[in-house]
Amino acid sequence: MGKRIAKEVSIAVAEAVKQCKVDVIAAYPITPQTHIVEHLSELVANGELDAEYITVESEHSAISACLGSVATGARTFTSTSSQGLALMHEILFIAPALRLPVVMVVANRALSAPISIWNDHGDIMAERDIGWIQTFAENGQEAVDLVYHAFRVAEDRRVMFPAIVNIDGFTLSHMIEPIELPDQEQVDRYLPPFKPRYKLDPRKPLSMGPVGIPEIYMEAKKAQDEAFKSAYRVIVKAWDEFEEVFGRRYHPVETYRLEDAEVGLLIMGSLAETAMSAVDRMREAGKRVGLVRLRLWRPFPLRDFVRTVRGLKMLAVIDRALSPGATGGPVATEVRSALYQVPGRPRVASFIAGLGGRDVTVEDFEEMADRAYFYLKKKPKEPYEMIGVKE
Amino acid sequence: MRKELAKFKGFSAKNLPKEEPFAPGHRACQGCGEVLALRLALKALGMNVIAISATGCMEIISSPFPYTSWRVPWIHIAFENAAAVASGVEAALKVLKRKGRFPKNRRVDVVAFAGDGGTADIGLQALSGALERGHDFVYICLDNEAYMNTGVQRSSCTPYGAMTTTSPPGEKSFGQMTWKKNVPAIAVAHNIPYVATATPAFFLDLMNKVKKAALVDGPAYVHIYSPCPTGWGSKGEDSITLAKLAVETRIFPLYEVIDGKYYITRKVTKPKPVEEYLKRQRRFRHLTEAQIREIQERVDAEYERLLRLAECL
């Protein structure tokens, strides 16, 4: 078992990628993802990681090269943020449809305009429907652990879908935290070599990416969707096995002091740490507030989620992204929809907070919880509201 | 001459490969010059190939699931990224060979195909990136001088004066009002070891150039002129004639650029007038005598420039 050492999270993520023995990395620089790929280039340059590092000329080419590489049978990694992820958009849909299991770390950052290098989830929420497995890390240790998990699950022959690990830009990617990197032997035990059933090989020719005429397009999409939904079991099982090898336990949905709670705050990503402090304070003040955190966003952990929140009176969903003119933040709309058919479901209040690097404080969480309490008595006027905006 | 090419004797009618990596039964139009170029290029490369196609006519006609014309491993991802996908394939082969997960001594040629739109317009950035990075692969542009797959819209490779659906002649237009982009020159500017032009009318020349492109270490670019009866308004049976005339009028000269040095592979000493080429195609039918003269002058000047390049360097 490795030692806990203070490390910048980006560096630790790159070290984890190295331990996964990736064969090909194709990436383009964009803040705040740069420290990950810089460190990987260094590892390749020093011969510590035997891989090809393709210094592509754009993110569009980064993901395109990744698909070519993984289709040829190489374990493949990339990383990006914000505008870079948006530039990849077109190709992101093609990876899961062709069942090409690339792993990508997204250091989440706001989308322009106004141009902002700071953190929110606007970039990844625009990629909600791409069909990739998507997880959100709360802290540095989890970011690292989710990388091993992502490769393990994505490349599983029952899965064969690409995976994104989301880490909050700067507020997580640039933090220095005590992180335990496991021994190589543990990683090797957890992550078998990549052996895809189908690959580009002249000894066994096949055609990838053919035309889907109307007579087969829907069948192809149905097959993709069924496979994606059934990947859920493998994802959860891989976390069971993760515990056996590494000793840390992960679930698709996490809770904090949720037992007997009336109001639950729901969040994804590293802000959950602040939210926990807020919960502690509110609990001390006698308020029955708890926390729900979605670690797995796609495929959506529907059953586990409903089971977790069904006893609550109110769920206050904190979105880090804005869907202008929608019926709520992207996570809130999803959650409302998930709960709609549940008898005695909790009410859902939608808050948009922390856009473009705006700090979300313990007091902000307290304010949102208070409003959520208030909305139990009086219906909100608007389907969603922004928190922390200067008037 | 590069040492990788020293042993290559060239194809002749006697030693043509038997294999057809590209199978018949595809859905290309009658008289398609592009699919002929594609078939010949693959025939030159053989079966130890991984092919990447950009979106376009050749991708559509060759892969209507569950059918495929590709007897070699083939992948299509999108329109503008064939060169980037090829970069990934090449890098993967390299590292897998190094790590012993692919037979070290097995030669595999990585070849990317794209049309003129996928090369000169939307795919130019990905192409430039891949050429600059020095991947060992062949990029083949099958140039039919417009976006044929979407219904004959103009590209930057559409010739001056040509009528397309987005460069229609009218009161204020005579068709395409810009001169064809010189993509081979752009490829040459990347200092890659091999660049060539070819047409299916001179099929041995085409096959030899594609083979040489594969044999050199590093990136190679082959620009293949590909007649399109549907888009050009020409007769299907005229495709080879047009491909020949394009060379004989000096409109599409055949040359190679090896390590930056230009070689004209088919010198045209007694050129035919461009009109002979233009008049066989509906896309040029609206042109006036003055416009044809303008094209003639430009073609003459371009050929002079090419001759100087071939002499000086």
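## A strand covered on both faces

Strand β1(B) is covered on both of its faces, with B:V49, B:A51 and B:S53 buried on one side and B:I50 and B:I52 buried on the other. A residue is called buried if 20 or more other C-beta atoms, placed from the backbone, lie within 10 Å of its own, exposed if 12 or fewer do, and partly exposed in between. Because 5 of the 5 residues of β1 (residues 49–53) of chain B are buried, this strand is largely enclosed by the rest of the structure. In a regular strand the side chains alternate between the two faces of the sheet.

This is a predicted model, in which local features need pLDDT of at least 70 and side-chain atom pairs count only at pLDDT 80 or more, while totals for chains, interfaces and linings use all residues. Residues are numbered from 1 along each chain as its sequence is written, and chains are lettered from A and ligands numbered from 1 in the order in which they are written.

## The partners of the strand

Strands (DSSP runs of E, at least two residues) and helices (runs of H or I, at least four) are numbered from the N terminus, and two strands pair if DSSP finds at least two bridges between them. β1(B) runs parallel to strand β3 (residues 109–115) of chain B, to which 5 bridges join it, and B:A51 stands opposite B:V111 in β3(B).

β1(B) also pairs in the parallel sense with strand β2 (residues 74–76) of chain B, over 3 bridges, and here B:I52 has B:I75 as its bridge partner. Between β1(B) and β2(B) the chain passes through helix α2 (residues 57–62) of chain B in a right-handed β-α-β crossover, which means that, with the strands pointing away from the viewer, the path from the first strand over the helix to the second runs clockwise.

## Where the two chains meet

β2(B) is also joined by 2 bridges to strand β9 (residues 207–208) of chain A, and these two strands run parallel, with A:S207 opposite B:W74.

The contact takes 39 residues from chain B and 39 residues from chain A, where two residues are in contact if their C-beta atoms, placed from the backbone, lie within 7 Å. On the side of chain B that touches chain A, two or more residues come from each of β1, β2, α3 (82–98) and α5 (124–133) of chain B, and α3(B) gives the most, with 12 residues.
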